[in-house]
Amino acid sequence: MTSRFLSTVFILLCIWGLSTPVYGQDDQDATLLPDIDPQDIEIRGEFKARFPGLTRQPILGFDPSLRIYQIDPERQPFMETGDEVVANLPVSSLSRPAPPEYNALTYNEEINAFARVGVGSYTSPEAQFWGVLPINRQSYLGGSLDFSSSDGHLDESSSFRFLDATAEYGTQINEQMELRIHGGAQNDFNYAADFDGTRSAFVPRFEYEGFNGGIELTRMNNDIAGWKLQGNIRSFSTNVESQSFGGSIDEVVYNGSFVNRWALGNPNETIALKAGGRGGSYESDDQESQNWGTLQGGVAYERLLNYRTNIHAEVNAYYATDARQEKFYPGGLLQVEHWFGDRLKITGTAEGKPHLRTVEQFHEQNRFLGINNTLVHSYNFDVTGEASIKYYRGSKLHGGVKYSNIQDKAYFIPGSTPNPADGEPFYNYNIQYQNATNFKLFAGITHQLLPEKFWVSGQFYLQNPELDNGEEVPFEENWGVNASMSFRPIDRITVEGWADYVGNRETGVSNNTVEGFFLVGAQLDLEITNNFGAYVKGVNLFDQQYQVWQGYQERPLQIYGGLTIKL
């Protein structure tokens, strides 16, 4: 009896002991989830799940502790430095983006056309125009016009006209290739100089006509690598009209070039092969046709070192022929730019190459040039050192020195041609050549007094242009000053001013000297609407009497006024 009672009690205790955990699980369902500390996983890489609901011995072969790779709990996060980040980038990405060029006091809105039309004292109309007409997403038409004229400010023979017009068509053939076709024309006239100061109605008149056209084809694989092919032709003629004198000179100039550039393995490292030629012919009434030519071939290399030093080097060979000689010339260019910090830049340049100025280029420099001159190659060797420092946004100081050594430098000498009718001779300038040197010092400043409101700039220079015979180069000054300013008090008003001083210059004849001159000008632009405005301009405000070239008195004070149009 007693043993049966004990057996019954033992069985009941066993049943109660086995059922107790089950009841606990029914009451606490949440405890079936593992108790995980997120920091164990995210920081120390440890993961230990605890199952409080399972109080029995684990099943054979089952281990709730996961086998993971352990990480040192004292490990510090790895932070890369800027240099280490750049070192792991592909080479093609290692280039410093060029900052946008800062231009003081410019219009913010984009315009497709601009025109300025006005008239000034002495019946002097003027007009400037440029415009772009998009044809579609790939093509455009563009053009420009520059016109100025005057009825004359002297009693006799001082009227003139300057007209220059250009047009351009551009199209993108595909994603890599672009084509540009351009052309232009000019039509000018002015009267000759008068060295004896007795200007008459019989002063000869120079008339100039010119046409040009060209084509440019570019294929770029990216912003650096690609090639460019270009060629153009120019025609220019000068006619002299008078009762006693006459004559003309005609010129044709043509040139072409090809450049192919590749990117190399270092930051901003490129190499380019180039070849080209330039030639022409000219013929006057008193001279036989003369031919000249310049052929060039070479290689150019450029590289950026340590993101602070940019090196550009060229090695070239030239073959030049003209009316005097036929010769091979070595040529080259070395330019080094180095930044000290973000503000100070030092630039050194050395360059040597031959060059021939055309009849058109000579007449643009001196509009009183005669028609019987010979074109000769000059060889220029220049060494320049310059330093510039940015001390404020849009503000900069710069200065430097330049030495030039020129073989067969072209300069102008006053001359005259006798009148066959025993009247007034024909005064004109002739070209002569001689070796020369020049040592030049210059310094300047560009400063923004008020951001986007008031901007000034100026440069001062000293130089010593000297011929081989010890004399000064005619019509080249020893010092000068150039200055300009822009002021925008409100968005619709802009005031501009400029001043230039040119020192005394020798003429090369009997120790005669052309006095220096100081020219001051100003212009006020008023934007009436977004598309229309007006302007007033004053030229030679001090009404100074001066001569750029001996024998011709330039214009006195003139006041202009007109309209501006933006589209």
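The model is predicted: local features need pLDDT of at least 70, side-chain atom pairs count only at pLDDT 80 or more, and totals for chains, interfaces and linings use all residues. Residues are numbered from 1 along each chain as its sequence is written, and side-chain values use heavy atoms, with hydrogens and water left out.

**Aromatic rings**

Rings of Phe, Tyr and Trp (its six-membered ring) pair if their centres lie within 6.5 Å; planes under 30 degrees apart count as stacked, over 60 as edge-to-face and the rest as tilted. By this rule there are 20 aromatic pairs. Select Phe206 and Tyr208: the pair is stacked, at 6.3 Å centre to centre and 5 degrees between the planes. Both Phe206 and Tyr208 are buried (under 20% relative accessible area, with exposed over 50% and partly exposed in between; 1.4 Å probe, protein chains only).

Next, select Phe518 and Phe542. Their ring centres are 5.9 Å apart and the planes stand at 45 degrees, so this pair is tilted. Phe518 is in strand β23 (residues 517-527) and Phe542 in the loop between β24 (532-539) and β25 (558-566), 24 residues apart. Strands (E, at least two residues) and helices (H or I, at least four) are DSSP runs, numbered from the N terminus. Phe518 is partly exposed at 33% relative accessible area, while Phe542 is exposed at 55%.

For a cluster, select Phe195, Phe362, Phe412, Tyr427, Tyr429, Phe475 and Trp549, which form one aromatic cluster.

Select Arg116 with Tyr535: Arg116 lies over the face of the ring, 4.9 Å from its centre. A charge sits over a ring if NZ of Lys or CZ of Arg is within 6 Å of the ring centre and within 35 degrees of the ring normal.

Asp525 is in strand β23 and Arg116 in strand β1 (residues 113-120), 409 residues apart. A salt bridge is a side-chain nitrogen of Lys or Arg within 4 Å of a carboxyl oxygen of Asp or Glu. Asp525 is buried at 7% relative accessibility, and Arg116 is buried at 14%.

**Other salt bridges**

The whole structure has 13 salt bridges. Select Lys537 and Glu126, whose closest N and O atoms are 3.0 Å apart. Lys537 lies in strand β24 and Glu126 in strand β2 (residues 124-134), so the pair ties together parts 411 residues apart in sequence.

Finally, select Glu168, Glu178, Arg180, Glu216 and Lys228, linked in a network of salt bridges.
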